[in-house]
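Dear colleague,

I am handing over the structure we spoke about, and below it you will find my notes on what was found. Please read them with the coordinates open beside you.

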Amino acid sequence: MENLSNTPTAQPPVIYRKDYQPFPWLLPETELVFNLGLETTLVLATFTVTRNPDAEASQQLRLNGDGLTPARVTVDDVTIENPEMDGDDLVLTLSGDSHKIMIETELDPSSNTQLMGLYASNGMLCTQCEAEGFRRITFFPDRPDVLSTYWVHMSGPKDLFPVLLCNGNKVKEGDSVGGHHFAEWHDPWPKPSYLFALVAGDLVAREDTFTTMGGREVDLAVWVRAEDLDRTEHAMASLIRSMKWDEETFGREYDLDVYNIVAVSDFNMGAMENKGLNVFNTKYVLADSDTATDADFDAVEGVIAHEYFHNWSGNRVTCRDWFQLSLKEGFTVLRDQLFSQDMHSESVKRIEDVRILRSAQFPEDSGPLAHPIRPDSFREISNFYTATVYNKGAEVIRMMRSMAGPEKFRKGTDLYFDRHDGEAATCEDFISAIEDGAELDLTQFRGWYRQAGTPRVAAELVQTGGTTELRLTQSVPDTPGQSDKAPMPIPLKIALHDRAAGKLGEEQLIVLSEAEMRVPLGEAAEPVLSINRGFTAPVVIERDIASADLAFLAAHDDDPFARYEAMQELVVGHLLGAENAGSAQDITEAMGAIIADGSLDDSMRGELMALPGVTYLMEQVEKADPTALHEAREGLKKTLGVGLRSELAQLYDRAAAIGLDDPQGRGARKVKTMALGLLAAGDPGAANLLAAHQYDHADNMTDRQGALMTLCGFDTPERVDRLADFYERYRANDLVIDKWFTLQALSTLPGVLDHVRELAKHADFTLSNPNRARSLYMALASNPAAFHTPSGEGYRMIADLILALDPINAQTAARFVPALGRWRRMEEGRAALMRAELERIAKAEGLSRDTSEQVTRSLG
Ligand code: PHE
Ligand code: ZN
């Protein structure tokens with residue numbers, strides 16, 4: 001038979017949002033029987049189909065498959081010989097109103113390297129079904145608008161799989177013959193197939209309980225390999241905090257008697273919100289201070305919360321089709337961001353999220369892969385799990401919240417959950433519910449769902465008579481397939497400060513909804529505009545502002561984000577050599593003031609001290625020369641390191657005196673490593689020894705990794721020794737060995753490309769584990785000096801990687817394509833080299849749907 005695998009034909013068909021049709025059949029209940037084995041698993045699926053009164057009647061029942069052969073198919077207990085196949089799908093012709101279907105399939109989980117469907121990881125079996133992985137397990141209407149109640153019977157050898165888990169509640173378990181045992185699970189909540197999950201393996205659990213606001217006692221468990229058990233405390237604590245927060249903040253209560261989380265080392269993404277049985281990448285579960293940095297701890301907490309929040313935003317209310325992905329992802333990202341803001345510092349979290357948006361989403365929005373948060377078409381849905389759908393999607397909902405205010409926004413989300421509980425909904429349903437519940441008119445706001453591209457807002461202060469007027473102009477840039485865009489409502493928090501009087505103006509929220517707007521702002525002798533405070537809108541502000549005004553904002557603005565933003569603007573202007581830009585001296589003074597500012601805590605100080613990354617700088621220019629930008633940035637670091645040497649040394653010493661568990665400890669560790677980085681630029685010899693000392697005396701991973709990162713920039717014996725020590729110390733811990741690969745691939749030393757080639761031959765390196773593949777090659781692709789080496793060698797290495805990885809794991813391979821897709825924004829020489837690599841990939845035989853779509857779009 002043809003086309004049986006995930007590696008398809010040249011041009012996969014385009015699927016359009018406008019073509020949506022409800023499925024002609026309903027499947028109220030689905031029964032699955034799994035006979036589990038690593039090499040052979042038998043699956044028996046039984047369900048009754050009835051006609052969907054809300055759909056056009058059809059004689060056809062199309063059951064999606066991907067690489068499956070039906071071992072046996074029966075309709076109403078009669079075997080169908082040679083059932084009809086259409087490509088990978090099984091198509092049955094049915095004449096009545098109700099039919100019982102039974103399908104048997106046979107799988108080999110151990111050969112499943114794509115990590116979609118049922119696969120083996122370290123001797124255990126697990127599943128990943130979102131978006132279209134269920135069709136790799138059995139033939140089924142694998143689309144999110146077909147909701148069914150699942151009954152699952154799973155059995156297998158007890159020695160290999162002592163633990164058997166599935167969605168919902170366990171209703172029965174026991175031993176059977178030949179050393180086998182079984183478990184039966186029932187999930188009372190109707191769900192789409194993408195939320196199905198099953199796990200079988202030798203696992204142990206950290207257990208706890210949570211009593212919901214309605215008094216339901218829930219058994220919580222985090223399942224890991226025995227050796228990882230003592231690194232699960234933080235994950236469990238994060239889960240409990242998430243459950244409580246969602247009750248208090250969104251009124252959402254958990255709805256099953258158990259909540260299981262399983263950590264697996266081979267996983268394509270961060271984690272998956274399967275009903276009652278989340279499956280996680282180990283990276284987002286395991287953490288202790290010896291092996292995880294402070295940032296890792298935050299990531300675990302954020303992802304645990306994210307998956308938990310999906311129980312309502314995604315599971316109870318799911319998506320009608322995959323074009324609505326942002327309905328669950330944008331909303332859930334916003335929910336996890338608000339949670340983390342509440343758990344820690346609101347402003348620091350906001351700055352971190354904006355930094356992610358600008359470094360990951362803005363480039364997407366200005367490149368060949370730009371798409372609206374609700375796309376109109378796709379070939380492979382896996383390519384649309386993007387920063388646009390997730391992070392810009394969250395920003396769009398955050399704008400609704402800013403315009404409504406938190407209380408009214410909550411009325412809107414309550415109405416949304418009430419109206420659509422148990423349904424597969426659309427983004428339009430969400431917008432309408434917010435409109436009705438929060439009493440907002442979002443007619444024009446819908447443009448944010450339709451139009452791709454980051455809006456640009458030009459802001460100018462004009463003195464008329466004694467008063468100051470703010471003049472705003474907006475434009476939405478053209479993106480592939482979209483031009484002539486309409487203005488959108490852009491909520492902006494602004495304030496007018498007076499530099500002469502040292503007076504801070506009052507904040508107000510304005511909404512720029514036309515192409516142009518004028519706002520009278522009152523009197524000020526030396527007016528300084530504070531705009532997009534708190535980053536209320538995901539836009540680029542263009543303004544001509546004196547460096548002295550930026551220094552004033554950086555030092556005095558009462559909005560922490562505005563202070564951060566002013567520092568960034570000051571540095572960007574300087575590095576790009578803009579007109580009126582501040583000098584290195586101005587930046588040194590501003591940075592000195594931040595170091596000395598006693599009103600700041602160190603976490604915020606660290607944000608203000610952070611220099612914009614090269615990716616962000618590249619976004620600011622039409623045709624980038626990454627080497628030049630990198631060198632300019634390194635030059636500024638050196639100036640700062642020399643000019644602020646004693647201030648940085650003092651800051652370092654003060655921070656170094658604060659202990660691991662001190663409440664001030666996290667902030668202290670953050671500024672300590674930043675100070676070390678700047679000192680290293682100013683006086684490499686001294687910093688080399690200081691970093692080695694920090695490494696040797698570290699009692700936590702944040703300090704140890706920070707020191708090693710600095711050492712990786714030096715060609716010294718200290719670097720070689722400490723890297724060797726790090727490897728020996730952590731050789732049994734995959735997640736830490738990932739760090740070891742990453743730190744070396746991020747090095748600014750010449751020769752890093754050769755070094756990466758050597759590391760790829762290391763006994764611990766493998767392409768079959770996504771974390772490991774990314775640890776080396778994502779780091780390389782994000783190392784501007786190395787990746788953009790003028791010879792094109794970095795591009796070639798990433799292209800080679802894509803070609804080697806594509807047959808093993810297409811989803812993961814395709815995620816490397818955007819790095820090469822930025823060619824249009826590069827100076828000519830590099831643009832040609834990047835293009836040539838994309839063309840080379842495009843010509844390869846048997847390319848996956850994932851990679852071929854991304855390469856085709858990137859070549860445009
Ligand atoms: N739905 C998951 C999340 O964002 C992401 C995911 C997508 C995981 C596809 C696996 C596969 O929480
Ligand atoms: Zn999600």
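H306 counts as buried in this predicted model, because its relative accessibility is 7% and the cut-off for a buried residue is under 20%. The same cut-off of under 20% applies to H310, which is buried with a relative accessible area of 0%.

Both histidines take part in the metal site, where the zinc ion (ligand 2) is coordinated by H306 through NE2, by H310 through NE2 and by E329 through two OE entries, at 1.9 to 2.8 Å. Along the chain, the donors of the zinc ion follow the spacing H-x3-H-x18-E. The zinc ion has six donor atoms, and with angles of 50 to 162 degrees among them the site is irregular. As a reference for that range, ideal angles at a metal are 90 or 180 degrees for six octahedral donors.

On the nitrogen side, a nitrogen atom of ligand 1 is 2.7 Å from an N or O atom in the side chain of E273. On its own, ligand 1 has 330 Å² of accessible area, of which the protein covers 96%. The elements that give two or more residues to the shell around ligand 1 are strand β21 (271–272) and the helices α2 (294–309) and α3 (325–343).

In total, 13 residues surround ligand 1, and the closest of them are E130, E273, E307, E329 and Y390; E329 is also named among the residues that coordinate the zinc ion. Sorted by class, the shell around ligand 1 consists of five nonpolar, three polar and five charged residues.

A separate point concerns D187, which is placed in strand β16 (residues 180–191). D187 counts as buried because its relative accessibility is 1%. As for its contacts, the side chain of D187 reaches the backbone nitrogen of W189 at 3.0 Å, and the side chain of D187 also makes a polar contact with the side chain of K191, at 2.9 Å.

With kind regards

Technical notes:
Residues numbered from 1 in each chain as written. Chains lettered and ligands numbered in written order. Predicted model: local features only at pLDDT ≥ 70, side-chain atom pairs only at ≥ 80, totals over all residues. Heavy atoms only, no water. Near = heavy atom within 4 Å. Polar contact = N/O pair within 3.5 Å; in protein donor to acceptor, adjacent residues only side chain to side chain. Areas by Shrake-Rupley, 256 points an atom, 1.4 Å probe, with all protein chains shown as cover. Helix = DSSP H or I, 4+ residues; strand = E, 2+ residues; numbered from the N terminus. Nonpolar A, V, L, I, M, F, W, Y, C, P; charged D, E, K, R; others polar. Donors = N, O, S within 2.8 Å, 3.2 Å for Na, K, Ca; no water. Tetrahedral: all angles 85-135°; square planar, octahedral: opposite > 155°, others 65-115°. Buried < 20%, exposed > 50% of the residue type's maximum accessible area, 1.4 Å probe, protein only.
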